[in-house]
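Dear colleague,

Please find below the structure that I am handing over to you. My notes on what was found in it follow directly after.

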2 protein chains.
Amino acid sequence: MKIYDFVGAPNPRRVRVFLAEKGISNVPFEQVNLATADNRKPEFLKINPMGGIPVLELDDGTHIAESVAICRYFEDLKPEPRLMGVDAKDKAVVEMWNRRMEFEVLGMAAGSFRNTSDFFKGRIPQVKEYGEVCKNAAVKRLEWLDTVLADREFIAGSRYTIADITALIGIDFGRTTQIRIQENQKNLARWHQAVSSRPSAKA
Amino acid sequence: MKIYDFVGAPNPRRVRVFLAEKGISNVPFEQVNLATADNRKPEFLKINPMGGIPVLELDDGTHIAESVAICRYFEDLKPEPRLMGVDAKDKAVVEMWNRRMEFEVLGMAAGSFRNTSDFFKGRIPQVKEYGEVCKNAAVKRLEWLDTVLADREFIAGSRYTIADITALIGIDFGRTTQIRIQENQKNLARWHQAVSSRPSAKA
């Protein structure tokens, strides 16, 4: 088993933080250099035709792409601590919050970066105006997230879950295009401080 | 228990097809009119601050938004037939394929529609050029999906899963902006014919 990884990109960090929270430290990582577009080379496209990182390679040769699919595999393999919910209702609530954080925070931060940064210039068709739409949406969602966190400790309720991991990496990645927690967003700042202080955040 | 629904939108259809495949027919639906933006009214934003449809309301008042979160709830409640995988590896594979279909097919069809259709004019900041990027991406992904289906019956392998449901509603929704299966895409056409013939496709 190994994981194709790239230190510096948000989705691979999502899986590394998840594994750190699980206490899983024996999976080797192999770096795929996104800076030189190694993930777009034919050898890698055989592993993941979408070109995305991370990818989990199982011992039987199966490749699991998509961060959340990889996390789900490890949640099944080593259920405790539960990061994706404990029963039918809780699992659905965690999935709802994780998806909100994916689409509204991480997705918008990524949309902002992909469409405006020099990193993607010439690699993908960039639409700067759409990057601005994404950035504005992310800024607005952080305002809303601050109100959500007024009466709960973590994103999906009273327990740390994968939704916190997605929000953390989404917010941290937002810095690349100046999407930041504002000074008046005290609840969001308190939450960010708490999740960033966990050892897993360094993964 | 009830589901806030809107006949005509892709995500609510995703949940209806899922329930039909599960043989669950006793959940009442309440229509929320997206055409008159009832999903953006304050009463509905209390139910789902994102304004999205569908939303599952449980008897204890909990609201589960996000189609896949709703599907997961019913997968736990009534496991058979399994639509989200049978063991750790299979669950991860199904999730990977479902996400690919979400981001690459449904997401691109939705991005094309949202950014170019009159339906969203004045509701969201539309960027026509980004709509074209989405459309081109979707067209390219259907070419790829045709090759994937050359040696397997369904999207995630030999069994019908939620990934087929997401692909079906994504492809059908693509018609709104002329994203269509091409005549030379025989595998994709064969698969589309098969999944469209199931009684659930009418849900």
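E104(B) counts as buried at 18% relative accessibility, where buried means under 20% relative accessible area, exposed over 50% and partly exposed in between, with a 1.4 Å probe and protein chains only. R141(B) and E104(B) form a salt bridge, their closest N and O atoms being 2.8 Å apart; the term stands for a side-chain nitrogen of Lys or Arg within 4 Å of a carboxyl oxygen of Asp or Glu. R141(B) belongs to helix 5 of chain B and E104(B) to helix 4 of chain B, so the pair ties together parts that are 37 residues apart in sequence. Helices (H or I, at least four residues) and strands (E, at least two) are DSSP runs, numbered from the N terminus.

Please note that this is a predicted model, in which local features need pLDDT of at least 70 and side-chain atom pairs count only at pLDDT 80 or more, while totals for chains, interfaces and linings use all residues. Residues are numbered from 1 along each chain as its sequence is written, chains are lettered from A and ligands numbered from 1 in the order in which they are written, and side-chain values use heavy atoms, with hydrogens and water left out.

Two further salt bridges deserve mention. In chain B, D172(B) and R13(B) meet at 2.9 Å, N to O. Helix 6 of chain B holds D172(B) and helix 1 (residues 10-22) of chain B holds R13(B), so this pair ties together parts that are 159 residues apart in sequence. D172(B) is buried, with a relative accessible area of 16%, and R13(B) counts as buried at 16% relative accessibility. In chain A, the side chains of D5(A) and R16(A) form a salt bridge (2.8 Å, N to O). This pair links strand 1 (residues 2-5) of chain A, where D5(A) lies, with helix 1 (residues 10-22) of chain A, where R16(A) lies. D5(A) counts as buried at 2% relative accessibility, and R16(A) is buried with a relative accessible area of 11%. Over all chains, the structure holds 34 salt bridges.

Finally, the interface. In total, 36 residues of chain B are in contact with 37 residues of chain A, contact meaning heavy atoms within 4.5 Å. The two chains bury about 3400 Å² between them, 63% of it on carbon and sulfur atoms; this is the accessible area (1.4 Å probe) that two parts lose on being put together, summed over both. The count between chain B and chain A is 8 salt bridges. One of them joins D76(B) to K91(A), with the closest N and O atoms 3.7 Å apart. Strand 4 (63-65), helix 3 (67-77), helix 4 and helix 5 of chain B each supply at least two residues of the side that touches chain A. Helix 4 of chain B gives the largest share of that side, 12 residues.

With kind regards
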